[in-house]
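Please keep the sequence and the 3D view at hand while reading.

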Amino acid sequence: MVETQHHHRPTLKQTNKRYKSKHATKSALKDAAKGRIARISPKASTTTNVSAQTRLNRRNNAKQAQAKKRNALVSATRVFSGVDGAPRIIAVIPLCPDVDPKAIVTSLAGSLDISADDCPQTGLWKMKAERFRTSLQFINVPYRDFYAALDACKVADYIVFALSTSVEVDAWGDTLLRTLQAQGLPDVVTLAASDPTIDLKSRSGILKSLLSFVQYFVPSQTRVFDMHASSDRLNALRALSEGKPADVRWREGRSWVLSETTEWEDGQLKVTGVVRGSSLCANRLVHLPNFGDFQIAKILSAALPRHSKSGQTSVTDVEPTILAQPDTEEADSLVSSNDPDDLANEQTWPTEEEMNGGGRSEEPSLPDADNGTTPKHVKRIPKGMSSYQASWIVDESDDEDDEDSDDKGDDQGEEVEMEEIAEEVEEMQDMPMDEDMESERRVAFEDLDNEEEERQLNSWRNRQREQEEDFQFPDEMDTPQGIPARVRFQRFRGMRSFRTSPWDPFENLPRDYARIFQFEDFKRTERSIRRRAEQEIAVVEPGNRVSIILKDVPQEAATTGPVVIFALLQHEHKISVLNFTVQRNTEYDGTVRSKDPLLLCVGPRRLHVNPIYSQHTRGGGKGTNNVHKFERFLRHGLTSVATTYGPVIFGTQPCIFLRETSDVQAPQLVAMGTFLNPDTTRVIAKRIILTGHPFKVHKKTATVRYLFFNPDDVHYFKPIQLHTKHGRTGHIRESLGTHGYFKAHFDGPINQMDTICMSLYKRVFPKFSELWTIGGGQKIIATNDDAMQE
């Protein structure tokens, strides 16, 4: 018999975790990989892999990158170099009332021993800095000139924020900083005005506090220059004179000119300055802030004035030459909107009876009475009574109901009454009464009771309350009892799905919709316009000093300080739908309702608008039907889409919404955002929710009341789907009774505490925009006789 070897059960065997070495050998790693090879990312190439390069290749790549950056810097600053180089535009913005912009410029010029006696308090002043081989052009903006500061910062290469060491920045300065931050800032230099009364020990603490304040709006700031120290004055001027100014994104591909001199003659404005930004084309329109868009007549060369040894300014005898003229075939026109043809609409052909005149009435229509020939109201009054006393007498017609209800009495009483009436007729006379006197009497003595006064006061103060109610019960509305719901909501419709139900964007459009322009493919149009602008031949390159002659410009444009010209791209004068993604300013506490009048600042334009707000879908998607929900209020913390009508905009332009106050130069910043698209097919649907109460409930069936108040409305809205606040959906089965009760069936059991809802939708449209001017006059961009309403 063979002896069998004894084995333990496998469950009793213990397997310990293998020790993992922190420094595994190459052979161990190769055995663990078992022939697998690590996948090389397609984004990583062998040429850019630093570890695979040799020491010589790495040094060569560093040298090439350094040369590339140097060439880019030289090409960017080439416009400022040379004897005839363009000056660096510097906007001096005082943020405190005790800061003088002229004193700031004088201190900066004094660091180079340059006299600034001819520097104006407000306006332009040019200085040539020989030490830094450049020239500087200062724009002195007075304190509390809000819109001049915005325009100066739009064309500036550098912005100088002048702060005070003793006076804090007030609400106006805070609003200006937030507005400029939303508009887009170039390089910023912060200065502290000189104050010899502050000792050296406390000055450093003040400068740190000012730096902390500025860094909240401009995080890139590293120091605040003290104008009391000579070294800081020189360093501030060096920061303005050297290096390449930062690019503002919305100015890319655009050109502008800051006027040095302006002349107006026979409707033509001659603006002399240096072309900045991109190349300037004579076929495109230009925009003057506060005045509108204009055409270019021609562009002439302008010689730079020379300074003789005696110090007197002299101009060279070089005759100006024509650099560019508009082409009659390719020049942009000033037509901004279409002229709709009403005869091109659908027509109903008249019947034979109407063509033969059978439908006309044989009786001639009476003409309207001429003014002053209509008979006046006649009142019977006693003889000798004045018109003022007669106005207090109540007509007999007012008491007809009371007289009809009284008994006639017996025959003897009737005889007495007839005798009294006969006596009154003898003593009465007819007097024509003026209707204005009657109305004045009624208005003058219309004394409201306390309840009515309280109701009107509450209605005047309920804007904040309405916003809170709309936040708690969005879009909910009570069904009116005095008017049928099918009449009150006849322009509304029901939708099974807000995102997928079809909605024709060209259905039931208002007449004014025929005036605007629509792009088949906006992005493709923008790319083609920018590509053609780069390929233009008859253009003026940036850095050249030119004289631009504009046609049909009002004379006031030459007397409003430094004129700024912004060149427009092709089609940027056409009116279309403008959609902006906006967010509310966190510091603004007022209510912002749709169609409230606001001031829109976008690009070089300022427009009076009445925008409507709608929901912004995540990622900017349009859904399958491009329907977006209308928002009654612009709320904090949410991104909404503001829609209005205005000139077309290309590029990602920042937008600012301001609300005007009693002080023209102190508006309130309401919201800021960016331009989204000019989508004319975007359907903005206003939603209302009619609510009812489940009167009786039996499982999935409920008797609903207070949603309608007559059976005709129940039959009219029967096809529309119902829903509850607890998520149930259902339909109307049948009408019950004569008071608007109906029976409804739902997809699940109904709770007695639930609320029955019906959603209705209607498309809304904004109003046309108007050009805003500082003087208060408004120039209508498009005819606003019958502006688009809901």
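The model is a predicted one. In a regular strand the side chains alternate between the two faces of the sheet.

Which strands pair with E24? Strand E23 (residues 598–602) runs antiparallel to E24 and is joined to it by 5 bridges. Within this pairing, Leu599 stands opposite His608. E23 and E24 form a hairpin with 2 residues between them, and Gly603 in the turn has a positive phi of about 60°. Strand E36 (residues 770–771) also pairs with E24, in the antiparallel sense, over 2 bridges. Here Leu607 has Leu771 of E36 as its bridge partner.

**A helix with a buried face**

Helix H6 (residues 200–217) has 18 residues. From the first C-alpha to the last, H6 reaches 27 Å, close to the 26 Å expected at 1.5 Å a residue. The buried residues of H6 are Arg203, Leu207, Leu210, Leu211, Val214 and Phe217. Seen down the axis of H6, these buried residues fall within an arc of 110°, so they line one face of the helix. The face turned away from the buried side carries the exposed residues Lys201, Lys208, Ser212 and Tyr216. What covers the buried residues of H6? The covering elements include strand E4 (158–163), helix H5 (171–183), strand E5 (187–192) and strand E6 (225–226).

**Aromatic rings**

A pair of aromatic rings is described by the distance of the centres and the angle of the planes. The model has a count of 22 aromatic pairs. Two of them are set out below.

| Ring pair | Distance of centres | Angle of planes | Kind |
|---|---|---|---|
| Phe498 and Tyr761 | 5.3 Å | 40° | tilted |
| Phe519 and Phe522 | 5.4 Å | 75° | edge-to-face |

Phe498 and Tyr761 link distant parts of the chain, being 263 residues apart. Phe498 is in the loop between helix H15 (485–488) and helix H16 (522–534), whereas Tyr761 is in strand E35 (residues 756–763). Phe498 has 17% relative accessibility, so Phe498 counts as buried. Tyr761 has 7% relative accessibility and therefore also counts as buried.

In the other pair of the table, both Phe519 and Phe522 are buried. Phe519 and Phe522 belong to one aromatic cluster, which they form with Phe580, Phe650, Phe657 and Phe675. An aromatic ring can also be found with a charged group: the charged end of Arg493 sits over the ring of Trp503, 4.0 Å from the ring centre.

**A buried loop residue**

Thr617 has its place in the loop between strand E25 (612–615) and strand E26 (627–631). With 16% relative accessibility, Thr617 counts as buried. Which residues is Thr617 in contact with, leaving aside its neighbours within four places in sequence? They are Arg499 and His628.

Definitions and conventions
Residues are numbered from 1 along each chain as its sequence is written. This is a predicted model: local features need pLDDT of at least 70, side-chain atom pairs count only at pLDDT 80 or more; totals for chains, interfaces and linings use all residues. Side-chain values use heavy atoms; hydrogens and water are left out. Rings of Phe, Tyr and Trp (its six-membered ring) pair if their centres lie within 6.5 Å; planes under 30 degrees apart count as stacked, over 60 as edge-to-face and the rest as tilted. Helices (H or I, at least four residues) and strands (E, at least two) are DSSP runs, numbered from the N terminus. Buried means under 20% relative accessible area, exposed over 50%, partly exposed in between (1.4 Å probe, protein chains only). A charge sits over a ring if NZ of Lys or CZ of Arg is within 6 Å of the ring centre and within 35 degrees of the ring normal. Two strands pair if DSSP finds at least two bridges between them. The expected span of a helix is 1.5 Å times one less than its number of residues. The arc is that of the directions from the helix axis to the C-beta atoms. Contact means heavy atoms within 4.5 Å.
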